[in-house]
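Please examine how the two chains of the following model are arranged and how they meet. The explanation after the structure begins with the surface that joins them.

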2 protein chains.
Amino acid sequence: MASMQSLKKLNKTNVGKEKASKSRAAKLPLATSKTRQPLEVKLAELKRRLLEISDLDAVNSVLNWDHATYMPKGGAAARARHGAMLSRLRHERSIDPALGKLLDALTPYAEDLPYDSDDASLIRVARRDFEKAIKIPADYVARASANSSASYDAWTRARPANDFATMVPYLENSIELSREYADFFAPYEHVADPLIDVAEEGMTAAMITELFSQLKSDLQPIARAISDQPATDDECLRGTFNEVDQLDFSLSVVKRFGYDMDRGRLDKTHHPFCSKFSLGDIRITTRVNESKFGSALFAAMHEAGHAIYEQGIAPELEGTPLGTGTSWGVHESQSRLWENVVGRSRPFWEHFYLSLRDRFPDQLREVSFESFYRAINKVQRSLIRTDADEVTYNLHIMMRFDLELELLEGRLRVKDLPEAWRARMEDSLGISPADDRDGCLQDVHWYGVSTVGGGFQSYTIGNILSAQFYDAAFKAHPTIPHEMRQGEFGTLHRWLRNNLYQNGRKFTPAELLLRATGKAMTTRPYIDYLYGKYGELYRLPQH
Amino acid sequence: MASMQSLKKLNKTNVGKEKASKSRAAKLPLATSKTRQPLEVKLAELKRRLLEISDLDAVNSVLNWDHATYMPKGGAAARARHGAMLSRLRHERSIDPALGKLLDALTPYAEDLPYDSDDASLIRVARRDFEKAIKIPADYVARASANSSASYDAWTRARPANDFATMVPYLENSIELSREYADFFAPYEHVADPLIDVAEEGMTAAMITELFSQLKSDLQPIARAISDQPATDDECLRGTFNEVDQLDFSLSVVKRFGYDMDRGRLDKTHHPFCSKFSLGDIRITTRVNESKFGSALFAAMHEAGHAIYEQGIAPELEGTPLGTGTSWGVHESQSRLWENVVGRSRPFWEHFYLSLRDRFPDQLREVSFESFYRAINKVQRSLIRTDADEVTYNLHIMMRFDLELELLEGRLRVKDLPEAWRARMEDSLGISPADDRDGCLQDVHWYGVSTVGGGFQSYTIGNILSAQFYDAAFKAHPTIPHEMRQGEFGTLHRWLRNNLYQNGRKFTPAELLLRATGKAMTTRPYIDYLYGKYGELYRLPQH
């Protein structure tokens, strides 16, 4: 309110000045506007600075995309240096005191605007980012960037070689960097809290621990009931499915979802990801297994979900801190929604199974729709998170989250991680990997980023939210499943764009969820979804 | 000599100071080294600054490579902005007065060192670059970068659409930018001179005009004699040559040349180029025509020639202004040497023709070695520069060079270029294109860079030098053709690395040529080469 006053006062003063200086107006044509301009000029200057920060990030993303797709191995050392340089340039700009002054000067203006206006949101979020950024020293940013590049590079060799020993110093360094990062935001309740806040603003280790404990008690009866039943036969997914056809089919599907190929592309990589260089260039990647159908397609759907979210952000937010998704969990809700809630659903395949069979006639001629549908939704205890089904997936996440907390707290040493991993797998899923390749080396997350911790929980939050968002869309438009049966996704895509995507980062995850679904986060739609879908495929306990 | 004195004096003074301050040494352990360090510290600071400039260039190269290979069209606008930002950051650093002061301070030290030492060369070349760079205003750099990105993007659509009209304003803008550039270096004898100096340090429009006039009088009798004879039959190159096999074969050849694939890769593009991101990541591109064998392979050899040069630069020069080739003409001499002098030679194909026939058995089973060899060396008047043979190629270049001078002088207007192109083709080669696609729109050069002029001459200089360098290597190692017949290129590659590549940009083109061949530039080896090779394929006049 104080700010509203001061703005009014400023305007009043200006009007007064305008009148007073009227006689000079002809000689000094800029004088009248000059007295009124400061806010506009400051806002333009703020946007110019934020655009440069956004562009430096975008350029770094191009380097990372190239690193993970086409870069020859000889390029790694210089690439790490280039990434570190861009991170440093970005960081210098993100903590520039002049940026802070602009934000201070503009905050009263922002507070006078409606909370959800573009400018108010921009200034509010940029200020929050600035206040976090100034706590992180430049040399830390450089060290963290160099460590993550080198670690990623080592991991791409260490995983196939089942060589955890090589990764120990990298991971120790990452954990040290994580603790160092947390300390910039001390005091905290738990060392993971500042790391979690990067991914899910407003959430803490304690909140997630409670959420996961609740979810676990809901999931366990389902998982237990299914594992007591005979295994689903998924032999129909094995055979020879050539790469080009798998990639072509994947592309045809994600295009139907609404992924705009004039503003995107699909490439191969080790560990699939989505990468954004601008609103006009948002790329996805996948990996192909020619002897088993599924992973290439579902990874492409998953990454397309991320990409569709980013492609749907309002163009006005481009090049600002608002021009991206609001949190990792909300982002993941969209990859999960398109991959699982849509892409593994009965209505979806009622449309697409015929064209898949046309694509792979020899492999699928004898396979009924029902057998195929059951195969791609087979629930089983498995070693690899990315291959896990919707029911057991969260068990993989929860054990990683627990291990991260232990590593960060110092209760678990890095060198003991393989053993701890096996014990936890045994406890959680009743199976254990024969080697680290299928154990603690399987995910890029601990080896390709500068900090460890605060990331994995977003997958499960994403699962929970995917059902909550879909439920809200379905309640608004009950024809959605019918449209899917026609291979149409327009109504769903539009609802998501209007209620989620276009907002970018204007709202916190909690605010966005409330606006879009009218509720705070709840596991109810997710549990209902699992009972509904898997109750049809397996005998489940009363719900 | 003065500098040698001052350095000695400095050291002497330091020694004196050391003694004088001995009593304080225990308290100030850094004091002794501090008095002696300045030059080392300054040199390290110079290298740090130059590395950042080099890294910004490298990052921009990644963006450009991606633009020309994989970028979806929606990415163009932001990509242009990203490139302009990096150019601006680079330019700011390249004209930083602190860099000038460092170079001033280090010049006496450099002048005391042997001329060809790494440090002396670094300081000398960096100073020359700096003195050129400070003449170019930052806003010019930003405008030039934005223009070249937008123009390139428009050209990729305008060429297939045969739409010269769209390109007129871009080209006019580029010519205006070229004149503006030249004016930063006024006074000049010819407006093209400052542009030529970028490519070929020390050369001028007048020198090139004279060189070309001499070459023309040598080439014309050969071209005329051949065009009077029946056309060579090259039908054997037509058919269906699938893309994957063409790319595989091209890769197998350039690897044998010595192109290191751990530090490189081959991709497809519209207009082939070579791109360097670091000594460990130097990539080539080619384009594939499935209905005619040749262009994909020869473009790959050509770009590999550039890449082999860059891969051979001494690692000590990496990240400095010395860590690249010395001029466009010398660079082109290496692409021409590997593409033509080696890659279209009889000894080369005596080894490789059998494996090519194995790769394309149906297409080449009936084709004799001699027919194939004649076909790939067919001399004919053609419309497209990049398809031209070794004899007529230079005629394409000379007419472009003339047109550039006329455009820059204002004697030719851009809108009249298509007509002037046709007239010049008619005059020079006796043929004329049916449309601009095969006329003045065919080359990226006028549409993908910020300045027009000063580039094309380097191709013909490259042709001349390719023969001069090869001649010197052959005189030192007369077994080279014999080795080629075994598919071995080690002796030639080593001679080139030792005499050219490893030096990077330490020497001017003229200095390098003298050191490597013992002579100034001469067209004699090139004319001898043409008579030797084509005298065997056609009846030529007395030489």
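In this predicted model, 100% of the interface residues of chain B also belong to the interface in chain A, so the two copies meet through the same surface.

The extent of the interface can be stated in residues and in area. Contact involves 35 residues of chain B and 35 residues of chain A. Between the two chains an area of about 2800 Å² is buried, and carbon and sulfur atoms give 61% of it.

Charged and polar pairs also span the interface. Between chain B and chain A there are 10 salt bridges. One of these salt bridges joins B:Glu52 to A:Arg88, with the closest N and O atoms 2.4 Å apart. Polar contacts across the interface of chain B and chain A number 14 residue pairs, with both residues at pLDDT 80 or more.

As for the elements involved, the side of chain B that touches chain A receives at least two residues from each of α3 (38–69), α4 (76–94), β2 (274–278) and β3 (281–286) of chain B. Among the contributors to this side, α3(B) supplies the largest share, with 10 residues. By residue class, the side of chain B that touches chain A comprises 16 nonpolar, six polar and 13 charged residues.

Note on methods
Residues are numbered from 1 along each chain as its sequence is written. Chains are lettered from A and ligands numbered from 1 in the order in which they are written. This is a predicted model: local features need pLDDT of at least 70, side-chain atom pairs count only at pLDDT 80 or more; totals for chains, interfaces and linings use all residues. Side-chain values use heavy atoms; hydrogens and water are left out. Contact means heavy atoms within 4.5 Å. Buried area is the accessible area (1.4 Å probe) that two parts lose on being put together, summed over both. A salt bridge is a side-chain nitrogen of Lys or Arg within 4 Å of a carboxyl oxygen of Asp or Glu. A polar contact is a pair of N or O atoms within 3.5 Å; within protein, one must be able to donate a hydrogen and the other to accept it, and residues adjacent in sequence count only if both atoms are side-chain atoms. Helices (H or I, at least four residues) and strands (E, at least two) are DSSP runs, numbered from the N terminus. Ala, Val, Leu, Ile, Met, Phe, Trp, Tyr, Cys and Pro count as nonpolar, Asp, Glu, Lys and Arg as charged, and the others, Gly among them, as polar.
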